[in-house]
Amino acid sequence: TIRSWSIQDGKPIHLSPNHDWPEAHLEGWIKADANLALNGLKWIGQQVVLPDRTRLDLLGLTREGGLVVAELKRGRVDAGTLMQALGYVVSLAVAPPEWLRSRLNLDDELAAALEDALGSEEGPSFSIMLIGTSKAPELDRATSFLESRGLDVPVSVVTFSSFSLADGSVLLVRDVEDYDLESSSSAPAGGPGHAVTLDGVMRLARDAGVGAVFDQAATLAEQLGLRIKPWKKSITVVPPFTRGRTLVYLRPLDDGKVHFLVSHENLIGLYGADSGELQEQFGEEAGCDLSEGEALLRLDRFATMMGGLVANDAPAAISPAQPSA
């Protein structure tokens, strides 16, 4: 339960929930500004009729090139909402790319971004976003069940609450909960019996005397909304919905050092980073072997750069008096 207070004359004043605002206007706000749901997200389709004749609420494209299947409810999202969205993902995944192109009316910039997503060697990356004003308890159990069965589709639940302020205006609060249905602590490595875990890589790092670097990478990834993907003897920091695009690569070495690489290409292509600044901050893209202190310094530089790159994607303010239609 979200509770909020305003501070007036040095005293906390409890804000009363205002249940009418989100349910009455949320749909219009979300459709008008995708940044309310996820910074950097752009809608590329609304009420898309799929090949099986079902109708998808919203189809989005992240700045990293991932396709987002969004199901929007005026009230609570639950396990049924998740199953509905999974059906849309399957329908889109088996549809020919030409079919999707023909159903969307996009400007040149979005059309080019969609082409990049559809033209990936691994195929388009899908994620699910469930948007409403509350979450049913069984949704946690449903996502845990799917994760235990190895389903590799990230799910985000985005809920909104509103509170009445003393001056009569309304405060809108967003809460985001991520369910990573590719286990956040493990990844396949060569088939059954060869799974690798994040804990296993962390142990390797600690044994090599560079555990602080990997702990810091995990912390920064969480703060920046990124993810850690473990490999047999290394980890990569990757975007939330496009895990095949490495941003940072870290591997502990036997001599107490870390092999450290920052992908200039992906930071430029996905986030618009400046090539000159990348060269200045991280040197050549080929990577290098660093001491623990040097690696920690470069991680701090990466965090500062990423923070600046995503800062411009904050959602615009909404006027409660004039909700978007």
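So, is Ser-234 buried or exposed? Keep that in mind for a moment. This is a predicted model, by the way.

Let me start with the sheet. We've got five strands making an open sheet, and the order runs β14-β15-β16-β17-β18, with antiparallel pairing. The edge strands are β14, residues 227-230, and β18, residues 288-290; each has a single partner strand, so one side of each has no neighbour in the sheet. On average, neighbouring strands are turned by 25° against each other, if you ignore direction.

Now zoom in on β15 and β16. That's residues 235-238 with residues 248-252, antiparallel, and the two pair over three bridges. If you want a landmark there, take Ile-235: its bridge partner in β16 is Leu-250. Then there's helix α6, residues 198-207, which packs on the sheet and touches β14, β15 and β16. The direction of α6 makes about 80° with that of β14.

Okay, back to the serine. Ser-234 sits in the loop between β14 and β15. Its relative accessibility is 5%, and the cut-off for buried is under 20%, so Ser-234 counts as buried. And what does Ser-234 touch, leaving out residues up to four places away in sequence? Val-201, Lys-229, Tyr-249, Leu-250 and Arg-251.

One more loop residue before I stop. Thr-133 is in the loop between β8, which is 126-132, and β9, which is 134-135. Thr-133 is buried too, with a relative accessible area of 16%. A polar atom of the Thr-133 side chain lies 3.4 Å from the backbone oxygen of Arg-74.

How values were computed:
Residues numbered from 1 in each chain as written. Predicted model: local features only at pLDDT ≥ 70, side-chain atom pairs only at ≥ 80, totals over all residues. Heavy atoms only, no water. Pairing = 2+ DSSP bridges. Helix = DSSP H or I, 4+ residues; strand = E, 2+ residues; numbered from the N terminus. Axes fitted to C-alpha atoms, helices over the stretch in contact; angles between N-to-C directions. Contact = heavy atoms within 4.5 Å. Buried < 20%, exposed > 50% of the residue type's maximum accessible area, 1.4 Å probe, protein only. Polar contact = N/O pair within 3.5 Å; in protein donor to acceptor, adjacent residues only side chain to side chain.
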